[in-house]
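Work through the exercises below with the model open. Each task is followed by a solution in steps.

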Amino acid sequence: MISPSGPLQGPHELERAVATAESLGWEVQVGQHALLRTGYFAGDDAQRGDDLLDALQDDRIDGIWCLRGGYGAARLLPRLSAELLQRHPKALIGYSDITALHAAWQRAGLVSYHGPTARAPLSAFSRDSLVRALQNGTDSCGEAPDARMVHGGRATGRLVGGNLALVSSLCGTPWAIDCRDAIVVLEDIGEATYRLDRMLTQLRLAGAFEGCVGVAFGHCTDCPDTTEDGTRTVDAIVTELADALQVPTLQGIPVGHISDQWTVPFGAIATLDADARTLSVLTATVTRFH
């Protein structure tokens, strides 16, 4: 367990995280600097990066469960190379700011897991999906009956993406998300809808969506749609994206800053059926975590 981004609110969050992992039957090793605070980081870049590299290079460790998101993971990317990750393949678990690390895993051709951070209480729904993804190696997604079919159809491809703000911030860097032949999964929090619009427009103008075969939008939590200049909804923005891309698109899958969330194995192959409102992971592409 490491804190590659923002700081924990106190030892009680680490204690809860360890208890959750042990309830899953996992043995826990905590990064040396996991409880540090330096401004809005969990320690400085060197300390957070050292914890990440230590976890990667320790052969006793099978997986890296990030304690929280926040901000700061992208600052560690220069210390990661595809060769390093391929020499020490580890399961990576987390979401939100951890998207930056998922991008490095995707660049190395490895599977990583967009799922709950370790500090958060784990709902029964989230726990079930996490166990299916990490321990059983079975489909950790499935039906999303509350999702909105935005553009119909069915597509199969790699799962990529993460937090929209991080995906857009990586555009133009060596860690930019490769959407070719991929189903793009996106979520966000705390962004006014015009900012969501701006980030998606940036990605479209950069050609980042070129070759993508489907879009699975999760939740945009606490994203107000009203400004002094007018109102525009998340629904309208996602519809515009789907109309531009003309690929199967769902909105509102259980992914994002919500209590009940899927663990999505980025880099694995999945099928998105927008009409049936399902996202099905092909289990042969998922690595089991012991």
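A salt bridge here is a side-chain nitrogen of Lys or Arg within 4 Å of a carboxyl oxygen of Asp or Glu. The model is predicted, so local features need pLDDT of at least 70 and side-chain atom pairs count only at pLDDT 80 or more, while totals for chains, interfaces and linings use all residues. Residues are numbered from 1 along each chain as its sequence is written, and side-chain values use heavy atoms, with hydrogens and water left out.

**Exercise 1.** Describe the interface between domain 1 and domain 2 by its area and contacts.

Step 1. Count contacts (heavy atoms within 4.5 Å). On the side of domain 1, 20 residues touch 22 residues of domain 2.

Step 2. Take the buried area, meaning the accessible area (1.4 Å probe) that two parts lose on being put together, summed over both. The value is about 1700 Å², and carbon and sulfur atoms give 65% of it. In domain 1, Tyr95, Gln106 and His114 lose the most area to domain 2, together 34% of what that side buries.

**Exercise 2.** How many salt bridges lie between domain 1 and domain 2, and which element gives the most residues to the side of domain 1 that touches domain 2?

Step 1. Apply the salt-bridge rule across the two domains: the count is 0.

Step 2. Look up the elements, where helices (H or I, at least four residues) and strands (E, at least two) are DSSP runs numbered from the N terminus. Both α4 (99–107) and β3 (112–114) supply at least two residues of this side. With 7 residues, α4 gives the most.

**Exercise 3.** Which residue forms a salt bridge with Asp45, and where in the chain are the two partners?

Step 1. Start from the total by this rule, 11 salt bridges.

Step 2. Find the partner: Asp45 pairs with Arg75, with the closest N and O atoms 3.0 Å apart.

Step 3. Asp45 is in helix α2 and Arg75 in the loop between β1 and α3, so the pair links distant parts of the chain, 30 residues apart.
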